[in-house]
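Me: I'd like to go through this one with you, one question at a time. Ready when you are.

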Amino acid sequence: MDAAGMKTQAIFVSLLLFINAAHSFYLPGVAPQDFFKGDLLKVKVNKLTSVKTQLPYSYYSLPYCKPEKIVDSAENLGEVLRGDRIENSPYVFKMREPQMCTVACRIILNAKEAKEFKDKIDDEYRVNMILDNLPLVVPIKRLDMDSLMYQHGFFVGLKGQYTGSTDMKYFIQNHLTFIVKYHKDEETSAARIVGFEVSSFSVNHKYEGEWDDKTRLTTCDPHAKRTVTSSDNPLEVEDKKEIIFTYDVEFQESEIKWASRWDTYLYMPDDQIHWFSIVNSLMIVLFLSGMVAMIMLRTLYRDISKYNQLETQEEAQEETGWKLVHGDVFRPPTNSNLLCVYVGTGVQFLGMILITMVFAALGFLSPSNRGGLMTAMLLLWVFMGVFAGYASSRLYKMFKGTEWKKITLQTAFMFPGILFAIFFVLNALIWGEESSGAVPFGTMLVLVLLWFGISVPLVFVGSYVGFKKPAIEDPVKTNKIPRQIPEQAWYMNPFFSVLIGGILPFGAVFIELFFILTSIWLNQFYYIFGFLFLVFVILIVTCAEITVVLCYFQLCSEDYLWWWRSYLTSGSSAFYLFLYAAFYFFTKLDITKPVSGALYFGYMLIGSFGFFLLTGTIGFYACFWFTRLIYSSVKID
């Protein structure tokens, strides 16, 4: 993409309110930075992360080398919620000027610090750093092919045993070899950074005499061209142990252009699986589409023609099937208020996800913009409140409701209230572990202000507009006395048909779900929003079609209680999603801490509930459209 296009993109995003007051949502990568030889490069440090605990910690929670003054970088809302804590570091070097065996600092561990290091090594924590907005990665050769894969950050240390010993020892990675890849401009001497890699080693550094600022190491000496290339003489983590942190810097010219520098990070070697997922989902859609087409064209056309040709009372009395329940099919359901709230919240979800995916697929929410995706989703959720209010009040008025303010308050507070309660409990657990993942009080206040200051008023605005509109008219009149529902076949049992209905929508997304869970819980990039958007469209179609098919069978068996059933039919896919999340936890994750387990299941519960509201609403509207269509097509006296 050229510079003009990038500037247009940046302006467009800023107009869409993705900008906070204090640097909070800038699009990194919109303005590339040129570096000349000798320019200062400052490495920033980010959180320590572990896939075993899911609890991030600040880099300086361990006794690493510190700069003279620790300065926090401005983080956006999404970064804070992710637990990012970006700070400066003592790792400073000059562009295209290699360094060898530079001493960062020397420390003597006490018993407490040694224990902290051992705990982090036990939990397989990784150190994350950033240079020119590129995360530090460790290149690893894939066993099954020639390509490289990239691991985020390097391990704090490793556990191992000396030859002939059974005692488990802890070794710290105290020597880093940074590799900075740059793309040089042919016309000027300027260069742009396109890669930031590291190799980490554990080295028990030696020196002669007393330690001072001019001490030369014997294990790593640039003058004697003695470099660190292995961990053959590792450094143990023990009380009163001396640790000398050192680093090398290498610069490598690269053919990769600045605009493509994220491609290696986001490379997906297993895209065939995604195509398999799409084909699998399309098969489900084609199967359902065939059934819907058969119902709509053959059965319904025949039914409507037959019903419209009935002339005598005797013939009318003999009629069977869905036309029999025309006097009850639009009778308001029990707990209609709750249905209105659920539908409104589902519309809010649908709007948020649809717009987020469009922007992500267009490249606005790339991983180079840390926290951007979460910030965008949060802001979109708040602004979609107007559609939630509109949808719930329209349905509420159709059900002959009069207290629109009551339904508005329920829509504005029910789902966010449940979410906030779970989030608050989980945050208290994280705070108890002293993790940087705990959301600070100030951020919590911002979230509450977004909810009460913007979302709630917008729900009221939407609700007011929706309630002012004339009520949706039913295509047929509703009888005063409810018709008795005949005994149903076992396969038309509500519980059974609802559970069956959720299988196909879940089947359409479960392969993609694996990659989403992997990116969230195993700290990997997910950037295949084109695939995801296709899968989302397939999900919408599948939810709509399965609900229409089952709704038709239900009405044919003279059961007119379709309102809630239509919502629960496709919504039950969330039940399978939660079951799959539990399966993933026990088979793919190595989480042992109770707090980490509670975090996982707490967040997956929120995700599953959101998925229930989304898919349920899609199914409900499909069935709503279908029943209105078929009952407005027949002549009823």
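Predicted model: local features only at pLDDT ≥ 70, side-chain atom pairs only at ≥ 80, totals over all residues.

Me: Which loop holds N133, and what is its phi?
Reply: N133 has its place in the loop between β4 and β5. With a relative accessibility of 11%, N133 counts as buried. N133 is not a glycine either, and its phi is positive, at about 70°.

Me: How far apart in sequence are the parts that R261 and D132 tie together?
Reply: R261 and D132 form a salt bridge, with the closest N and O atoms 3.0 Å apart. R261 lies in the loop between β13 (242–253) and α4 (263–266), while D132 lies in the loop between β4 (126–131) and β5 (134–135), so the parts they tie together are separated in sequence by 129 residues.

Me: And are R261 and D132 buried or exposed?
Reply: We're still talking about the salt bridge between R261 and D132. Both of its residues come out the same way: buried.

Me: How many salt bridges does the structure hold?
Reply: The R261 and D132 pair is a salt bridge, and so is the pairing of K169 with E236, at 4.0 Å from N to O. K169 lies in strand β10 (residues 169–172) and E236 in the loop between β12 and β13, so this pair ties together parts 67 residues apart in sequence. For the structure, the salt bridge count is 18.

Me: What is the relative accessible area of E236, the partner of K169?
Reply: K169 counts as partly exposed, with 23% relative accessibility. E236, on the other hand, is buried, and its relative accessible area is 14%.

Me: What separation in sequence does the E433 and K593 pair bridge?
Reply: E433 forms a salt bridge with K593, the closest N and O atoms being 3.9 Å apart. E433 lies in the loop between α10 (404–432) and α11 (441–468), and K593 in the loop between α16 (573–588) and α17 (594–631), so the parts tied together are apart in sequence by 160 residues.

Me: What accessible area does the nonpolar surface patch with Y491 have together?
Reply: Y491 lies in the loop between α11 and α12 (494–501), and at 47% relative accessibility Y491 counts as partly exposed. The patch is formed by W490, Y491, F496, I500 and I503, and together their accessible area is about 530 Å².

Me: Which residues form the negative surface patch?
Reply: Start with E186, which is found in the loop between β11 (175–184) and β12 (191–201). E186 counts as exposed, with 81% relative accessibility. The patch is made up of D185, E186, E187, E253 and E255.

Me: Which backbone oxygen does the side chain of T518 reach?
Reply: T518 has its place in helix α13 (residues 503–521). T518 is buried, with 8% relative accessible area. At 2.8 Å, its side chain reaches the backbone oxygen of F514.

Conventions:
Residues numbered from 1 in each chain as written. Heavy atoms only, no water. Patch = residues over 30% accessible without salt bridge, like charges linked within 9 Å, V, L, I, M, F, W, Y side chains within 5 Å. Areas by Shrake-Rupley, 256 points an atom, 1.4 Å probe, with all protein chains shown as cover. Salt bridge = Lys/Arg side-chain N within 4 Å of Asp/Glu carboxyl O. Lys, Arg positive; Asp, Glu negative; His and termini not counted. Charge placed at Lys NZ, Arg CZ, Asp CG, Glu CD. Helix = DSSP H or I, 4+ residues; strand = E, 2+ residues; numbered from the N terminus. Buried < 20%, exposed > 50% of the residue type's maximum accessible area, 1.4 Å probe, protein only. Polar contact = N/O pair within 3.5 Å; in protein donor to acceptor, adjacent residues only side chain to side chain.
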